[in-house]
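Please keep the 3D view open while you read, and find each residue as it is named.

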Amino acid sequence: MRRLPIFLLLDVSESMAGECHRQMQQGLERLTKNLRTDPHALETVYLSVVAFAGQAKTLAPLTELAFFYPPRLPIGAGTSLGVGLTHLMQEINANVQKTTAQRKGDWRPIVYLMTDGKPTDNIEGALARWQKEFASSVTLVAIDIGKHAAIDTLRRLTDHVLHLDASDDADFRKFIDWVTQSVVAQSRSVASTGQVNLAKVDTDILTLVNNLAQANSLDEDFVILPGRCQKTQLPYLIKYEKALPNFENSNVKMSAEQYYLTGVFPLEPDYFEFSDTRCLTRTVNTAALLGAPGCPHCGNPYGFAVCRCGQIMCIKGDGPAICPSCKTQCNFSQGEGAGFDVARGRG
Ligand SMILES: [Zn+2]
Ligand SMILES: [Zn+2]
């Protein structure tokens with residue numbers, strides 16, 4: 001039986017933390033479960049999951065559907081699409097069997113790439129290699145799940161670019177069902193035609209992107225700051241969202257560049273393995289940030305104390321504390337007056 005290799009290339013950058021990340025994790029489980037109910041898919045489909053943030057890794061090597069187990073998705077700093085693509089090309093070369101004079105190889109592989117932001121690395125080398133060595137023999141379906149930020153780049157990779165506009169869990173489940181149907185359609189049609197045959201697009205949630213006009217010049221909508229728990233040493237993310245320009249209430253009048261706290265997310269230690277440390281170069285002034293969270297790991301009431309080394313950490317209150325990054329002792333007292341600059345993640 002010839003195999004149909006399906007690669008999921010997933011963006012796990014910081015901007016995915018929270019809802020998106022949970023939906024993608026559940027989506028992976030739903031996709032596996034749905035596909036297993038289809039006899040054609042069970043016979044031919046092999047799945048692999050590659051994740052990228054600042055670094056890229058194979059979370060699940062190419063595995064027969066019946067034995068595939070959805071991996072836990074990590075979170076990291078950076079959106080190194082070039083690194084992700086390069087890793088994917090290695091995986092394809094190492095795992096997909098080419099047709100030779102002696103034997104028939106695998107069916108044409110399909111890659112589903114999901115990303116929500118502009119790449120933070122230089123992708124030109126990887127893009128050129130993809131065009132030269134892979135574009136004619138691999139189907140790449142790119143799904144932009146952010147605010148159109150990545151579309152201009154994705155269009156240079158493939159003609160199959162879709163924009164997902166999922167506002168809640170039900171929308172996201174519809175999207176996963178579309179991926180399922182596309183894979184099933186593919187597993188049925190490879191044998192007869194070898195053609196690319198994606199499922200019909202549900203226009204409520206998915207748009208086929210054909211022009212770039214709407215894709216360019218989007219603002220930064222989020223500020224994402226990586227912190228580290230003083231007690232457990234574990235990382236966490238503090239997420240702020242840009243305030244609407246004219247938002248106003250009786251207490252607060254917001255200026256254009258203000259962000260309000262939307263959440264704090266505990267992370268696993270592998271955050272550091274997936275992160276590109278060069279990403280922490282941009283800064284944001286804390287005066288633009290409204291609200292501060294507690295620590296999601298140890299429950300310390302202040303999750304937004306900043307060490308001299310620049311690391312954000314949790315503290316109990318005023319007084320001495322040991323920085324989990326540089327290990328020096330700092331003394332904290334309530335800040336007052338003007339804000340200060342802190343490094344900002346790059347999603
Ligand atoms: Zn803590
Ligand atoms: Zn420090």
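This is a predicted model: local features need pLDDT of at least 70, side-chain atom pairs count only at pLDDT 80 or more; totals for chains, interfaces and linings use all residues.

1. Another salt bridge is formed by Glu 273 and Lys 57, whose closest N and O atoms are 2.4 Å apart. This pair, too, links distant parts of the chain, since Glu 273 sits in the loop between β10 (259-266) and β11 (282-285) while Lys 57 sits in strand β3 (residues 56-64), 216 residues apart. Glu 273 is partly exposed at 44% relative accessibility, and Lys 57 is partly exposed with a relative accessible area of 30%.

2. Arg 156 and Glu 124 also form a salt bridge, with 2.8 Å between the closest N and O atoms. Arg 156 lies in helix α5 (residues 151-157) and Glu 124 in helix α4 (residues 124-134), so this contact ties together parts that are 32 residues apart in sequence. Arg 156 counts as partly exposed at 41% relative accessibility, and Glu 124 as partly exposed with a relative accessible area of 40%.

3. Which residues hold the zinc ion (ligand 2)? It is coordinated by the SG atoms of Cys 307, Cys 309, Cys 323 and Cys 326, at 2.3 Å. Cys 307 is in the loop between β13 (302-306) and β14 (312-315), and Cys 326 is in the loop between β15 (319-322) and β16 (329-332), so the pair ties together parts that are 19 residues apart in sequence. Along the chain, the donors follow the spacing C-x1-C-x13-C-x2-C.

4. Why is the arrangement around the zinc ion (ligand 2) called tetrahedral? The four donor atoms subtend angles of 105 to 114°, and four donors count as tetrahedral if all angles lie between 85 and 135 degrees. As for cover by the protein, Cys 307 is buried, with a relative accessible area of 5%, whereas Cys 326 counts as partly exposed at 31% relative accessibility.

5. Helix α1 (residues 19-36) deserves a separate look: it has 18 residues and reaches 26 Å from its first C-alpha to its last, close to the 26 Å expected at 1.5 Å a residue. Its buried residues include His 21, Met 24, Leu 28, Leu 31 and Leu 35. An α-helix has 3.6 residues a turn, so residues three or four places apart point the same way.

6. Finally, the chain as a whole: its secondary structure comes to six helices and 17 strands, and 51% of its 347 residues count as buried. Among contacts with a separation of 6 or more, 69% are between residues 24 or more positions apart. The accessible surface of the chain is about 16400 Å², and 50% of this surface belongs to carbon and sulfur atoms.

Definitions and conventions
Residues are numbered from 1 along each chain as its sequence is written. Chains are lettered from A and ligands numbered from 1 in the order in which they are written. Side-chain values use heavy atoms; hydrogens and water are left out. Helices (H or I, at least four residues) and strands (E, at least two) are DSSP runs, numbered from the N terminus. The expected span of a helix is 1.5 Å times one less than its number of residues. Buried means under 20% relative accessible area, exposed over 50%, partly exposed in between (1.4 Å probe, protein chains only). Contact means heavy atoms within 4.5 Å. Accessible areas come from the Shrake-Rupley method with a 1.4 Å probe; for residues, only the protein chains shown count as cover. Donors are N, O and S atoms within 2.8 Å of the metal (3.2 Å for Na, K and Ca); water is not among the atoms, so sites may look incomplete. Four donors count as tetrahedral if all angles lie between 85 and 135 degrees; four count as square planar and six as octahedral if opposite donors are over 155 degrees apart and all others between 65 and 115; anything else is irregular. A salt bridge is a side-chain nitrogen of Lys or Arg within 4 Å of a carboxyl oxygen of Asp or Glu.
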